[in-house]
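Here is a short report on one protein chain. It goes from the whole fold to a single site.

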Amino acid sequence: MSKVSAGLLIFKKPDNKLKVLLVHPGGPFWTKKDSWGIPKGLAGEGEDLLASARREFAEELGVPSPAGHAIDLGEAKLSGGKILTCFAIESDFVAEYIKSNTTTIEWPPRSGKQLEIPEIDRARWFDAASAVNKMHKGQEVFIHRLADKLDLSPDKPIDAQVSLF
């Protein structure tokens, strides 16, 4: 059976442009990689997935998840076999105030040495096009689903829509 993770994609629409909040993994493996993702984590057995997504957001960013109506973006199977269920919430979250929880890893690998690292080392707002290009493989589908849920159809007049890009 696949492991199930839950994530929270925070978005805003300044100047009629879709922006999303992504996080960068902490630790030495990710230091030089420009790879970003949705704040997420494993859901507990039988745990409500939205509650899990909110809990993981709070743990990874060190602040409560934004209040508001959550948009269900469905699930996607990630390359490692995990299933990620994602929800989106509109918020003007201030990314600079994060303080991630930490985890311990063996570093360098197979060295026996333990290193305490933050789960994420930073959070940043991205326009939708940049986000799609920087996201961990398999997560970008949630940007497209959010655009669909927000009815960002290109055939609408520009002043009546929020632009995806």
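## Fold and one buried site

The chain has three helices and eight strands. These are DSSP runs numbered from the N terminus: helices are H or I with at least four residues, strands are E with at least two. From the N terminus, the order is β-β-β-α-β-β-β-β-β-α-α. This is a predicted model, where local features need pLDDT of at least 70, side-chain atom pairs count only at pLDDT 80 or more, and totals for chains, interfaces and linings use all residues. Residues are numbered from 1 along each chain as its sequence is written, and side-chain values use heavy atoms, without hydrogens and water.

Some values for the whole chain follow.

| Property | Value |
|---|---|
| C-alpha box along the principal axes | roughly 60 × 35 × 30 Å |
| Buried share of the 165 residues | 42% |
| Distance between mean positions of the 22 positive and 23 negative charges | 6 Å |

Buried means under 20% relative accessible area, exposed over 50%, and partly exposed in between, with a 1.4 Å probe and protein chains only. Lys and Arg count as positive, Asp and Glu as negative; His and the chain ends are not counted. Charges are placed at NZ of Lys, CZ of Arg, CG of Asp or CD of Glu.

Now zoom in on one residue. Alanine 95 sits in the loop between strand S5 (83-90) and strand S6 (102-106). Is alanine 95 buried or exposed? Alanine 95 is buried, because its relative accessible area is 7%. Beyond its neighbours within four places in sequence, alanine 95 contacts Leu21, Ala123, Arg124 and Trp125. Contact means heavy atoms within 4.5 Å. Valine 23 is 72 residues from alanine 95 in sequence, yet their C-alpha atoms are 9.3 Å apart.
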